[in-house]
Amino acid sequence: MENTSTPTHCPYCALQCGMTVTPLPQGGAEVSERPDFPVNRGALCGKGRTAAQVLSPAVRLTTPLVRSGGRLVEAGWGEALDLIAERLGRTRQEHGADALGVFGGGGLTNEKAYALGKFARVVLGISQIDYNGRFCMSSAAAAGTKAFGLDRGLPFPLEDVPRTGCVILVGSNLAETMPPSLRFFTELRENGGTLIVVDPRRTRTAEQADLHLAPRPGTDLALALGLLHLVVAEGRTDEGFVRERTTGWEEARAAAMAHWPEYVERITGVSVPELRQAVRMFCEPESAMVLTARGPEQQAKGTDTVGAWINLCLATGRAGRPLSGYGCLTGQGNGQGGREHGQKADQLPGYRKLDDPAARRHVAGVWGVDPDSLPGPGRSAYELLDALGTDIRALLLMGSNPVVSAPRATHVEERLRSLDFLAVADVVLSETAELADVVLPVTQWAEETGTTTSLEGRVLLRRRAVAPPPGVRSDLFVLHELAGRLGVEKGFPTDAEEVFGELRRASAGGPADYSGITYRRLAEENGVFWPCPETPEVPEVQVPEAPGGREGPEGLGEPRVPDDPARPAGAAVHPGTPRLFLDRFATADGRARFVAVAHRAAAEEPDGVYPLLLTTGRVVAQYQSGAQTRRVAELNAAAPGPFVELHPRLAARLGAAEGDRLAVVSRRGRAVAPARITTAIRPDTVFMPFHWPGEGRANNLTNPALDPTSRMPEFKSCAVRVEVLGPEE
């Protein structure tokens, strides 16, 4: 492996940018460009460029740790695994199976997510499993499934974005969260298309927009309904599309018509002329898209909010047609695949429902168990964390850092501390791992082979490029060893390709069908879009033409499918599905579903004690809970710590100056950080990034009020007050 460059993918966001990793003679590795991958064409953000620095033994875990005498001390693998198995087994025997919990992560590969879900249900026999992806895309997933019968982040590849006529980008600051994607939107405008950005802040992304709408946090639902009202009032509905390809329009239209423009202006702060301009920009081109991210989704009404934006697409015929549609900009590296293969509380592999008898029979057959032995659905992520130390006495956690990332984080930390037993498998000693009784050092992206699924629904092959430190093992090894110690000797291989082979069989016939995908195809084709069944009637590949005669990019023709020696000669091979819904939606009758929704207030509105709104988000140099990026000097220099962003008028009213220490206080806690004064935010709103622990932990403040469908907490809006503590020392 020495001096050999390996093509692979970035460990961070759901773009899964292509990169090349080369081991260095003096140790370590370096990342370089990989222009052949179409999503980033070689471009990398600072996180991607510095990703190899987290491979260093100086910043990551290299040996198991066991708590002894109140502190974590080094231990051998056998001792650590024996202790985990003994404590899990004893807890199950004394308190029952559902006194055990498992918590996964959206950064785990498809193979790990699949094996973790199987381990929870087959080895432990528990229902209490969920993952941190619940905090990211669950509202969009729920709304997409309701409307289209299927959830895949984007129903089209990103390369379609520059060729549409208009994009409404709702609650995404992709210029900072996934910088290489910005070029698609720059090219959109260069091609004559327009970009509308919806965000309470004038972010780097909003600065690129033709129109920036800055609604009050928590009012995106009213905004979407107001736009749909104007579409109807101005006669811009596509009656033919609505009649032929949808159901439920009458009810949805009636709901929207109750949200007249002046009413919506009072709720959102977006003026009526701006509403009318947005409708005109969206409806006049032949094609258009709506893309949402965490802004509208991380709300206690996130499913309805996304549903309202989908209704806008359906009413105008901007769905199920070339260069049009609704999409979700999935956040975590394997946020898409992570929610497809069994680590969610209510799911089985292939995006099957755990309470579906046919799904249970199919997956149980692959696993070689009785369908009746599979537990039913369990608690969602926050509800699981909230039950720690009471109903759930022991927890196995892989690839997540809820001490920093969960809402009402002070409470979640207290719940983790109250457990009888906590085992964590991670790359670094995160703030959550510091609380554990056992910590297992596991391999990371460049040290292992496995698959991820990008925000496009493109299944990708991450290849092992460097050897891990001697004391590090893979998550698959951990599950294999624990299963054996708990009495299940077979069914948990350590080879990722073998696990993927079983995943293919388990997913076959499901909504997220991977059965026609192999490691060889992934290597030769730069990824394959699901669904991709193994024995298909091969569909005609549809390549949309750009409106207005604009030429499309290269590479949109039928994908080249390599020969597979395991396939009989002449057998049909499915090319994958880059574009969904062009012929029919994934519902029983092929029609998309309008869902009638109405505006309602946020779970927590300002009052005399907490007169302001807090919204949270990310900065370009850090990622999620910061567990990895905070260990990279270059990234820390660019973003050394938290801050409170506030408008000059608010700062003047409070008597705050730039850099003053501010305490932001909600009903759940307090966070302290320096002031950053800017006109880029509304005067009634403050913003904090959520990457840091300690006194600046933004999620001390956030509201765990849950969406009734997706169980998504309301990260994006809560009532706060701000206190000036004085100049920073």
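What covers the buried residues of helix 2? In this predicted model, the cover includes strand 4 (65–68), strand 6 (100–104), strand 16 (394–398), strand 17 (421–426), strand 18 (438–441) and helix 19 (475–485). Helix 2 itself, formed by residues 77–95, has 19 residues and reaches 27 Å from its first C-alpha to its last, which is close to the 27 Å expected at 1.5 Å a residue. The buried residues in helix 2 are Trp77, Ala80, Leu81, Ile84, Ala85, Arg87, Leu88 and Thr91. Because they cover an arc of only 165 degrees around the axis, they are placed on the same side of helix 2. An α-helix has 3.6 residues a turn, so residues three or four places apart point the same way. On the other side of helix 2, by contrast, Gln93 and Glu94 are exposed, and just after the helix Gly96 takes a positive phi of about 95 degrees.

The largest nonpolar core has 114 residues, and those with the most contacts inside it are Phe119, Phe148, Ile168, Phe282, Trp309, Tyr326 and Leu440. Apart from it lies another core, of 57 residues, among them Val31, Leu44, Leu158 and Leu182. For Tyr326, when its neighbours within four places in sequence are left aside, the residues in contact are Ala140, Phe148, Pro155, Val290, Thr292, Glu297, Val306, Ile310, Cys313 and Arg318. Leu158 is found in the loop between helix 4 (138–148) and strand 8 (166–170), and it counts as buried because its relative accessibility is 1%, under the 20% that marks a buried residue. Beyond residues up to four places away in sequence, Leu158 touches Leu15, Val39, Phe184, Leu455 and Glu456. Leu158 and Ile392 are 234 residues apart along the chain, and their C-alpha atoms are separated by 42 Å.

Strand 23, comprising residues 612–617, is mostly covered, with 6 of its 6 residues buried. In a regular strand the side chains alternate between the two faces of the sheet. From strand 23, Leu612, Leu614 and Thr616 point one way, whereas Leu613, Thr615 and Gly617 point the other way, and all are buried. The strand pairs in the antiparallel sense with strand 30 (residues 718–727) over 3 bridges, and the bridge partner of Leu614 in strand 30 is Cys718. Strand 23 also pairs with strand 27 (residues 685–689), in the parallel sense and over 5 bridges, with Leu613 standing opposite Thr685 in strand 27.

The side chains of Gln299 and Asp220 are joined by a polar contact of 2.7 Å. With residues up to four places away in sequence not counted, Gln299 touches Ser139, Gly218, Asp220, Thr305, Asp707, Met712, Pro713 and Glu714.

Methods. Residues numbered from 1 in each chain as written. Predicted model: local features only at pLDDT ≥ 70, side-chain atom pairs only at ≥ 80, totals over all residues. Heavy atoms only, no water. Buried < 20%, exposed > 50% of the residue type's maximum accessible area, 1.4 Å probe, protein only. Helix = DSSP H or I, 4+ residues; strand = E, 2+ residues; numbered from the N terminus. Pairing = 2+ DSSP bridges. Polar contact = N/O pair within 3.5 Å; in protein donor to acceptor, adjacent residues only side chain to side chain. Contact = heavy atoms within 4.5 Å. Core = buried A, V, L, I, M, F, W, Y, C linked by side-chain atoms within 4.5 Å. Expected span 1.5 Å × (residues − 1). Arc of directions from axis to C-beta.
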